[in-house]
Amino acid sequence: MKLLSLKYPFSLKNTTTWTLSILLAASLGLSGCKDTKLPPTSTAVPSSSEQNTEPVSFWVATDTHYLDKALEDGGTAFQSYVSGGDGKMLPYSDELAEALLYDVQQQKPKFLILSGDLTNNGEASSHKELAEKLKRIENMGTSVYVIPGNHDLFNPWARSFEGDKQLVAEHITDKDFTGMYGDFGYNEAISRDKNSLSYFVKAAPELYLLMIDSSQYNNNEKYGFPQTDGRILPGTFSWMDDCVKLAAEQHASIITVMHHNLLSHTSMSVSGFKLNNSQEAMKMLRRSGLNLVLSGHIHMQNIRRDPPVNEENKAASQALPVYDIATSAMAVNPHQYGAMTFDPSSRAVTYHTAAVDVEGWAAASGINDPHLLNFKTYAEETFAGSSYNKAMNKLKETSFTEAEKQSMAQVMAKLNVNYFAGTAASSIDEIKAMPGYKLWEGMEGGFMSGYIRSMAENQEQSHTSLKIVLTKQ
């Protein structure tokens, strides 16, 4: 391995998105992919009379950012990387994954969706270890379906940590990905897109998953950093149309899954989170009657609808409402996933957040680490403390008194904990009554004050639960 000269694995070319990523998470087409022809209807799916129409439960988790424990020794380089990072609970990455397996074993969902950023920075050994865990999940009777995120492939930021040094680690390619994760969607796919790592799979009676690879990674090695923004390729749109036609032959419903967001989940003007061609994607989804997207990437729990619930424009309000559920990062407090059900008889889909039961897993495993046995409290305090420290650092050069800075940092800490959990609405009145909030409100310009305002607005609807009816193709 090669010694890294930079303190942190990022390039100045990408600092805008990197800065937002830190604030959001801590305070906040591919060649070589086999194109599988759509199979004849008679062999693709059993007729509805042959299918079980009982409601099925399934989960969606995202941004697990798994880091192989063998890649870090807990030394100063790793501690510095974690404290200066974007809020991921990397020291307990493996334990979080094991706790998720424990939850699957206890509750037995029919399938589990992982919508990208499976690994911290695409380390080959992290992918290998995670794939082994996913095999264990499938051995429990729960199917797993994965797609890559912007961190997972051709990532020049792949690192291991030894003492006070960061070392360049091996990363993987697109072909490596489909080889390692072939059993988790790709081998069962009814169709695979020749332009990307997207695929189409039947997950339950009358329910298909359109697993869209929205990440851009072919130029990562040339750029020297993983490209954050996403898109859907023109050829992939055409392939998606073919998949919709197949579902229509079966009168089935489709849930679309991608790593990047279809809609904006913050009022701030930032790039890198929403698809670059989101308008084109929205037109395709509406044309095809696809009204539910599951995404991640932004690390916070948020549900958006287009058109918005209070849309005044009559023409817009008559358009098919399309929902984008951005599930918060599994790697970031409160370490939750989306627990979902699908009822084939009514096409109804429900969604609600559920925190992974680290404490239950630790107790059942005979582990005596107090952080794991009291993980909910530990994780929340760690996240709040990180948010507080970053706010204090940002306020360092301002003219506020020390007491005022502390008051403002307390607002940031409390608001972040709730904002990333999707529960800001329940505490927003209390937060706005804090002295520090009024100081943020009076601050003219600046990223941080705009960020605070964006977190405090648009909290009328729930961001942790939803019930909708999928359209029938």
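Arg 347 is buried, with a relative accessible area of 6% (buried means under 20% relative accessible area, exposed over 50%, and partly exposed in between, with a 1.4 Å probe and protein chains only). Arg 347 sits in the loop between β13 and β14 (348-355), where its phi is positive at about 70 degrees although it is not a glycine. Helices (H or I, at least four residues) and strands (E, at least two) are DSSP runs, numbered from the N terminus. The model is a predicted one, in which local features need pLDDT of at least 70 and side-chain atom pairs count only at pLDDT 80 or more, while totals for chains, interfaces and linings use all residues. Residues are numbered from 1 along each chain as its sequence is written, and side-chain values use heavy atoms, with hydrogens and water left out.

Most residues other than glycine have a negative phi, and most peptide bonds are trans. Glu 206, in the loop between β7 and β8, has a phi near 65 degrees and is buried, with a relative accessible area of 13%. Two prolines follow cis bonds. The peptide bond from Asp 306 to Pro 307 is cis, with omega near 0 degrees, and Pro 307 belongs to the loop between β11 and α11 (314-317). Asn 333 and Pro 334 are also joined by a cis peptide bond, here with omega at about 10 degrees; Pro 334 lies in the loop between β12 (322-326) and β13 (336-343).

Now for the sheet. Seven strands make up an open sheet with mixed pairing, in the order β6-β7-β8-β9-β10-β12-β11 (two strands pair if DSSP finds at least two bridges between them). The edges are taken by β6 (191-192) and β11 (302-306), each with a single partner strand, so one side of each is left without a neighbour in the sheet. At the β6 end, β6 pairs with β7 (residues 199-204) in the antiparallel sense over two bridges, and Ser 191 has Phe 200 of β7 as its bridge partner.

On its other pairing, β8 runs parallel to β9, with six bridges between them; here Tyr 208 stands opposite Ile 254 in β9. Six of the six residues of β8 are buried, so this strand is largely enclosed by the rest of the structure. Both of its faces are covered, with Leu 207, Leu 209 and Met 211 buried on one side and Tyr 208, Leu 210 and Ile 212 on the other.

Helix α9 (residues 234-249) lies across β6, β7, β8 (207-212) and β9 (253-258), and runs at about 175 degrees to β8. Axes are lines fitted to C-alpha atoms, for helices over the stretch in contact, and angles run from 0 to 180 degrees between N-to-C directions. The 16 residues of α9 reach 24 Å from first C-alpha to last, close to the 22 Å expected at 1.5 Å a residue (the expected span is 1.5 Å times one less than the number of residues). Its buried residues are Thr 236, Phe 237, Trp 239, Met 240, Cys 243, Val 244, Leu 246 and Ala 247. They cover an arc of only 165 degrees around the axis, which puts them on the same side of α9 (the arc is that of the directions from the helix axis to the C-beta atoms). Pro 234 and Lys 245 are exposed on the face turned away from that buried side. Just after α9, His 251 takes a positive phi of about 55 degrees.

The axes of α4 (residues 93-107) and α5 (residues 124-139) come within 10 Å and cross at roughly 10 degrees. That makes α4 roughly parallel to α5 (angles under 35 degrees count as roughly parallel, over 145 as roughly antiparallel, 65 to 115 as roughly perpendicular and the rest as oblique). Asp 94, Ala 97, Glu 98, Leu 101 and Val 104 in α4 meet Lys 133, Arg 136 and Ile 137 in α5, where contact means heavy atoms within 4.5 Å. Twelve of the 15 residues of α4 are buried, so α4 is largely enclosed by the rest of the structure. In α5, His 127 is buried, with a relative accessible area of 0%.
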